[in-house]
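Hi everyone, thanks for coming. Let me put the structure up on the screen, and then I'll walk you through a few places in it.

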Amino acid sequence: MTSTESPNPLRELAPRDLREHTASTLARARERSVALTDAVDDEDLTRQHSKLMSPLVWDLAHIGSQEELWLVRDVGGREPLRPDIDDLYDAFQHPRADRPSLPLLGPAEARAYVREVRSKAFDVLERAPLEGRKLTEAAFAFGMIAQHEQQHDETMLATHQLRQGEPVLHAPEPPPRRIGNVAPEVLVPGGPFLMGTSVEPWALDNERPAHEVHVGAFVIDTFPVTCGQYVAFLEAGGYDEPRWWSEAGWAYRSEHAITAPRFWRREADGWWRTRFGVHEPVPADEPVVHVSFHEAEAYAAWAGKRLPTEAEWEKAARHDPATGRSLRYPWGDEEPAAQHANLGQRHLRPAVTGAYPAGASPLGVHQLIGDVWEWTSSDFAGYPGFTAFPYREYSEVFFGPEYKVLRGGSFGTDAVAIRGTFRNWDYPIRRQIFSGFRCARDPRPDERA
Ligand SMILES: [Fe+2]
């Protein structure tokens, strides 16, 4: 059986509808950037809340700067608006820790700049031919910029989580559990599967091309690992037992005296956490978030399991055993909607396990998309046939063993910036991101049949 992937509906749209869809996707990103930056005062916008993060005002003007470079100058062929600030907002020129000392645009200037760039970008979107050039085909550059803005919005949300003070962000609670008991693990049969994509028009270079991989049978957790499960690891002394940790993981745990997920604190009556300024008991049924790769790996070893490889994760998410096809999302080919997954900062926390039965994969694996980014055991590398596009700094310069791949997106990831093929990467020590995990294992002989 030759495996295939689902076609993409964007390719079927008439040019006018494609422009409209693209414009509303860009507008949704901007609404979120504005909400995240209007939530705090000017002093707060220009302050660095953690050495790991930029001041929020840097992210805002950087969003505009990338939009100017790609949409206004490159696609539109227009004159530069602010060539003088290109260098300030080039992420490769200035590490995050140094950004507060740069002569950055102030809040009012940054807001005016991104508005001006956006009005020009909309004008370019109206007029540019959306074909004939790889960068503009199916409005790719506009989709790339919408994803870029949403990725920075997720980063800004992580900055909000690091910020001290009263809560300034508000959102409704996520849905409760909506299913009865289900098996805690799913057996994924061995066999070929088509990984990555060659048809998704807004997929980024590192997701391409589609290629067949043989994935042996494996067992994967039905849900991400919950806080309750993680507490059992803590209470069993998991952070004091070098045997569960890799050498690098143990060195990291020891050097930083790490004893629990980030933002957790042990109190007389149990574990508490701080979430966007709210101090609350750790919820047992919610996926654990703010753990590093090293912590995820140690938990998995303690549980007698391991982390899934990236190919295993994607097969669990996309493989439809009835047709052999690789789906766009676990639930099928439709764009993510509220019933499928906890995405887009619609809620300010992961949802409890079982909250999204409509988002389960054909094999019955739940909450692969949304809630928490899931660490995999794989290093970030190019797929066979990888070509850097539109520039090497997008992904290629990060390929190598220093970065681990995360999959699936979090409650802070927008729908435009996640799909079954989407790949995120970070250092194995990072945990200010909305990172969790699920475990996998090899099947026992009696399970293989
Ligand atoms: Fe960026």
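**The overall picture**

Of the contacts in the protein with a separation of 6 or more, 79% are between residues 24 or more positions apart; a contact here is two residues whose C-beta atoms, placed from the backbone, lie within 7 Å. Before I go on, please keep in mind that this is a predicted model: local features need pLDDT of at least 70, side-chain atom pairs count only at pLDDT 80 or more, and totals for chains, interfaces and linings use all residues. Residues are numbered from 1 along each chain as its sequence is written.

The secondary structure comes to nine helices and twelve strands, taken as DSSP runs numbered from the N terminus, with helices being H or I of at least four residues and strands being E of at least two. The radius of gyration is 22 Å, close to the 22 Å that the globule rule gives for 449 residues, so the protein is as compact as a globular protein of that length. For the record, that radius is taken over C-alpha atoms, and the rule is 2.2 Å times the number of residues to the power 0.38. Along its principal axes, the C-alpha trace spans about 65 × 55 × 40 Å.

How much of the protein is buried? Buried residues make up 46% of the 449. By that I mean 20 or more other C-beta atoms within 10 Å of the residue's own; exposed is 12 or fewer, partly exposed is in between, and C-beta atoms are placed from the backbone.

Now for a helix pair. Two packed helices are described by the angle between their axes and the distance between the axes. The axes of H1 (residues 15-38) and H4 come within 10 Å and cross at roughly 165°, which makes H1 roughly antiparallel to H4. The contact involves Arg 19, Thr 22, Ala 23 and Arg 30 on the H1 side, and Arg 118, Phe 122, Leu 125 and Glu 126 on the H4 side. The axes are lines fitted to C-alpha atoms, for helices over the stretch in contact, with angles running from 0 to 180 degrees between N-to-C directions. Under 35 degrees counts as roughly parallel, over 145 as roughly antiparallel, 65 to 115 as roughly perpendicular, and the rest as oblique.

Helix H9, residues 310-318, is mostly covered, with eight of its nine residues buried. Trp 313 and Lys 315 are among them.

Next, the annotation. In an unreviewed UniProt entry, "binding site" covers Arg 96, Ala 97, Asp 98, Arg 99, Asp 426 and Arg 430; positions are in the numbering used here, feature names are shortened, and annotations may be inferred rather than shown by experiment. Asp 98 is in the loop between H3 (56-75) and H4 (107-127), and it is exposed because 12 other C-beta atoms lie within 10 Å. Asp 426 lies in strand S10 and is buried, with 21. Leaving aside neighbours within four places in sequence, Asp 426 is in contact with Tyr 403, Lys 404, Leu 406 and Ile 433.

Two last stops. Glu 154, in helix H5 (residues 140-162), is buried with 24 other C-beta atoms within 10 Å. Not counting residues up to four places away, Glu 154 touches Gly 412 and Thr 413.

Finally, His 290 sits in the loop between strand S7 and helix H8. Why does His 290 count as buried? Because there are 22 C-beta neighbours inside 10 Å. Beyond its neighbours within four places in sequence, the contacts of His 290 include Pro 261 and Arg 431.
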